[in-house]
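Welcome! Open your viewer, load the model, and let's walk through it one selection at a time.

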Amino acid sequence: MTLVIAILVLSLIYIEDVKDAIVGSIEKCIIGIVPSLFLNSVLSGVLIKCSGAFKPKRISYSKYNIFLAFLLGNICGYPIGAKILADLVKENAITKEKAEIAICFSYASGPAYILGIVSTAVFRAKLLGFTAFISIF
C-alpha cells in the first residue's frame with residue numbers, strides 16, 4: 001500500500017513527465033502498432049477464407065487450418081492466432097477442444113512487434129530482438 005501511495009505522489013510531482021510519457025506511448029501505438037495489426041488482421045482473414053484452394057491433399061482441412069493459425073499467429077502477432085481459431089470454431093471447421101489446445105502455440109509476439117518495438121526501444125539492438133523472436137517461435 002505504501003508503494004502505491006509513493007507512486008501516486010511521485011506521479012503528481014512529476015506530472016509533466018508522466019503526461020509526456022503517456023502522449024508518446026499513445027503516438028507510438030497509433031503510428032506503429034494499430035496499422036500493422038489492422039493490416040495483419042485483414043490479410044490473415046483473406047488467407048484463411050482462401051485456404052481451401054491451397055490445402056495440400058494429404059492433410060485434413062482442420063489440421064491445415066490449425067497449422068495456418070499457428071503460422072499466422074506467430075508471424076502476424078498476438079491477437080491473430082486467437083482470432084483465427086475463434087473464427088474456425090464459429091464456422092465449425094474445428095472443435096472447441098482442438099482450438100483450446102492450438103491456442104497454446106498460436107498466440108505469440110510477431111516479428112514486427114519484437115523487432116520494431118521491443119528490440120529498438122528496450123534492447124536497442126536488432127540482434128537481441130531477432131534472438132527473442134526466434135526463441136518465442
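Start by selecting Ile48, Leu72, Ile80, Ile84, Leu85, Leu88 and Ile94: of the 14 residues in the largest nonpolar core, these touch the most other members. A nonpolar core here is a set of buried Ala, Val, Leu, Ile, Met, Phe, Trp, Tyr and Cys residues joined through side-chain atoms within 4.5 Å, and buried means under 20% relative accessible area with a 1.4 Å probe, counting protein chains only.

Next, color helix H4 (61–76), helix H5 (78–90) and helix H6 (96–102), each of which supplies at least two residues of this core. Which helix gives the most? That is H4, with 6 residues. Helices are DSSP runs of H or I, at least four residues long, numbered from the N terminus.

Now zoom in on Ile80. Leaving aside residues up to four places away in sequence, Ile80 touches Leu37, Asn40, Ser41, Ser44 and Leu72; a contact means heavy atoms within 4.5 Å.

A word on the model: it is predicted, so local features need pLDDT of at least 70 and side-chain atom pairs count only at pLDDT 80 or more, while totals for chains, interfaces and linings use all residues. Residues are numbered from 1 along each chain as its sequence is written, and side-chain values use heavy atoms, leaving out hydrogens and water.

Finally, zoom out and show the whole protein as a cartoon. You will find 8 helices and 0 strands. The C-alpha atoms fill a box of roughly 65 × 35 × 25 Å along the principal axes. Buried residues make up 23% of the 137 residues.

Terms used: Buried means under 20% relative accessible area, exposed over 50%, partly exposed in between (1.4 Å probe, protein chains only).
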